[in-house]
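User: I would like to learn how to read a protein model feature by feature. Please take me through this one.

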Amino acid sequence: MSQTHVNNGFDMSSENPPTDRDPSLNRPGSPKPKRSTKPDLPPPALKVPVNEKKAFEDIEGAPERMMWSNQIEFLMSCIATSVGLGNVWRFPFVAYQNGGGAFLIPYIIVLFLVGKPMYYLECVLGQFSSRNSVKVWSLSPAMKGTGYAQALGCGYILSYYVVIVGLCLYYLSMSFQSTLPWAVCEPGWENCVPSDPNSAPVGTVVNGTSSAELYFLRTVLQQSDGIEGGLGAPIWYLTLCLLATWVIIFIIVAQGVKSSGKAAYFLALFPYVVMIILFITTVILPGAGTGILFFITPQWSKLLELDVWYAAVTQVFFSLSVCTGAIIMFSSYNGFKQNVYRDAMIVTTLDTLTSLLSGFTIFGILGNLANELNSRVEDVVGSGGTGLAFISYPDAIAKTFMPQLFSVLFFLMMAVLGVGSSVALLSTINTVVMDAFPNVPTVFMSALCCTVGFLVGLVYVTPGGQFILELVDYYGGTFLVLFCAIVEIIGVFWIYGLENLCLDIEYMLDIKTSPYWRMCWGLITPAMMIIVFLYALISYEALLFGGYYLYPMAGYVAGYLLLIVGILLVPISICLTLYKYRTGNFIETLKLSFRSKESWGPRSAAERRTWLSFKEDAKVLREKLNPSRITHVWYSLIGSYRRRI
């Protein structure tokens, strides 16, 4: 296909290798382009502003980028990132809510059609370019706002995620007492039912509430009735737990991947040791089998509900940590030829198995709780999120035969899982800032980011903090991340080009991309995500905290602002880029703005020269076929170009 034909800026199959020339350079009377005097730089591909040429030169002369000490560190870091709190407290409850065993069917389908393709894509982008989630958009400069939106979403999630880890540390410290404090009722609690079956209720109980719930809401959170009167002052012991969590995270990230890579072994493997111990000790409890059967028993009617598919998509995104920039960031520290395909398949498969293992463990505990109370499993499940982690689980643990041991193991596992994911989220922001200010020592930048994170987190440890947490999670987490995922896949495959990326993968990994990946990336994945996003917008209902509290109008406005600010970063970036590359001709400006920069490609000068030659050879072979636009799209989707070689 001709260059004019394919580089329209919005074609999914856009073939725009960096060596293609701007048509304006061939006009009669146009000055001849000057060639670089640097012997290891290829001749300039098109007429671009001086600052873009400098970006390419900076990559050649930039200080060497940090790398993992070995391939295992990358794998362990990805496992520690993707296997987090979402696997333990979110997956079992979401599965139960959406059909039990029947939920596993849409979950597995979404995993293969959305989760694995997105995870593999982000691994490829980071490793191929050795760039963070913002600078990776040199593949299409106008879409750079996507990277900033992801970094903002990452910041939203990190701001409250560390607070949850702090709560885990608080419960862990309380677990060493001879009597678990949430297992018994305090004298001032009315209608309290002690979680410890050996303790007696205080006074007459009518419509009782478990001591675990009252302990969490009244003692730990000191939760207010709403935020109309303000949030209140930070609670001192939660502030100390928050500070301790940030100190732990700082120690791990202080030296970048040099330190976090070493910690990844413990952060990735230790939770499995605890999880397996909990699983073995759980399945032998009376009633555990009933709880597990309840978890996996399918409710087939749920498969026809769009809510179930929406839940499957959001769970996959939340669990794998895709589209937050973390996976791109970690893979950017890989060696250029590392088998990232194998790593992506290992992590995504292990993440799913971990979710199932935690589901069996959690519902085994709840089954035992139902057996102790002579009630049904569905009556003791309670609510999801923080309620499930800090009310239902502690309530169930208090009824086990060794409550202190179960409690220590459970909250230690939760804390380690949370720290692993928090390290990845902070490292993502850290890398974006450090790449923007490369002369600032890593330890200073890490200290600054941790300090800012701690100060922001103080909002969540106030009596009204949980109300804010729910708002930020709903608007700044779920919606924004899903939006970023859609824009990311459009920018990579519909603008940079599906065939272009598959050629990059073939050059880097020596693997020809199969039709499965091509069809997912080009059609199936974006279609599913767009449908789910539109469904979420159409079926939107006002967020209710705990299912009962209606936020004041200012709360909903603040939530929407969190979302809108992130979304606006994309169109603002497009407009600024169009202005930066303005030529007087709108079509030419459009091409320059969305076409990959000269600096896009492998970081190594030697690899870059070989890659440019490889891409040019592939282009020549395509042009010999001279396909129509529709044929070209079809060939890109099924990989016909590369099969002809």
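User: How many of the 34 residues of H15 are buried?

Analyst: Keep in mind that this is a predicted model. A residue counts as buried when its relative accessible area is under 20%. By that cut-off, 28 of the 34 residues of H15 are buried, and the helix is mostly covered.

User: What span should helix H15 have, and how far apart are its end C-alpha atoms?

Analyst: The expected span is 1.5 Å times one less than the number of residues. Helix H15 covers residues 403-436, so it should span 50 Å, and its end C-alpha atoms are 49 Å apart, which agrees. Helix H16, residues 442-457, can be treated likewise: its 16 residues should span 22 Å, and the ends are 22 Å apart.

User: Which residues of H16 are buried, and what covers them?

Analyst: An α-helix has 3.6 residues a turn, so residues three or four places apart point the same way. In H16 the buried residues are Thr 442, Met 445, Ser 446, Cys 449, Cys 450, Gly 453, Phe 454 and Gly 457. The cover over these residues includes helix H6 (144-174), H8 and H15.

User: How many residues of H3 are buried, and what is found at the start of H3?

Analyst: H3 is mostly covered, with 10 of its 12 residues buried. Among them are Glu 73, Phe 74, Cys 78 and Thr 81. At the start of H3, a side-chain oxygen of Asn 70 comes to within 3.1 Å of the backbone nitrogen of Ile 72. The length can be checked as well: helix H3, residues 71-82, should span 16 Å, and its end C-alpha atoms are 17 Å apart, which agrees.

User: How many disulfides does the whole structure have, and which cysteines form a disulfide?

Analyst: A disulfide is a covalent bond between the sulfur atoms of two cysteines. A search of the whole structure finds one. Cys 185 and Cys 192 form a disulfide, with their sulfur atoms 2.0 Å apart. The torsion about their S-S bond is about -85 degrees, so this disulfide is left-handed. Cys 185 is buried at a relative accessible area of 15%, and Cys 192 is buried at 0%.

User: Which residues touch the most other members of the largest nonpolar core?

Analyst: That core has 191 residues, and the ones touching the most other members are Tyr 120, Phe 317, Phe 390, Phe 410, Leu 501 and Trp 521. Helix H17, residues 465-509, gives the most to this core, with 28 residues. For a closer look, the residues touched by Trp 521 include Pro 117, Tyr 120, Phe 493, Leu 501 and Pro 526.

User: Is a residue such as Glu 122 buried or exposed?

Analyst: Glu 122 is buried, at a relative accessible area of 0%. Its place is in helix H5, residues 104-129. Glu 122 and Glu 488 are 366 residues apart along the chain, yet their C-alpha atoms are separated by 9.7 Å. Glu 488 is one of the residues that Glu 122 touches, and Gln 150 and Ser 331 are among the others.

User: What pLDDT does the chain average, and where does pLDDT stay under 50?

Analyst: pLDDT is the predictor's confidence in each residue. The chain averages 82, and 87% of the residues score at least 70. Over residues 1-62 pLDDT stays under 50. Among the elements of the chain, helix H1 (residues 3-6) has the lowest mean, 36, while helix H8 (residues 236-253) has the highest, 95.

Note on methods: Residues numbered from 1 in each chain as written. Predicted model: local features only at pLDDT ≥ 70, side-chain atom pairs only at ≥ 80, totals over all residues. Heavy atoms only, no water. Helix = DSSP H or I, 4+ residues; strand = E, 2+ residues; numbered from the N terminus. Buried < 20%, exposed > 50% of the residue type's maximum accessible area, 1.4 Å probe, protein only. Disulfide = S-S within 2.5 Å. Core = buried A, V, L, I, M, F, W, Y, C linked by side-chain atoms within 4.5 Å. Contact = heavy atoms within 4.5 Å. pLDDT = per-residue confidence, 0-100. Polar contact = N/O pair within 3.5 Å; in protein donor to acceptor, adjacent residues only side chain to side chain.
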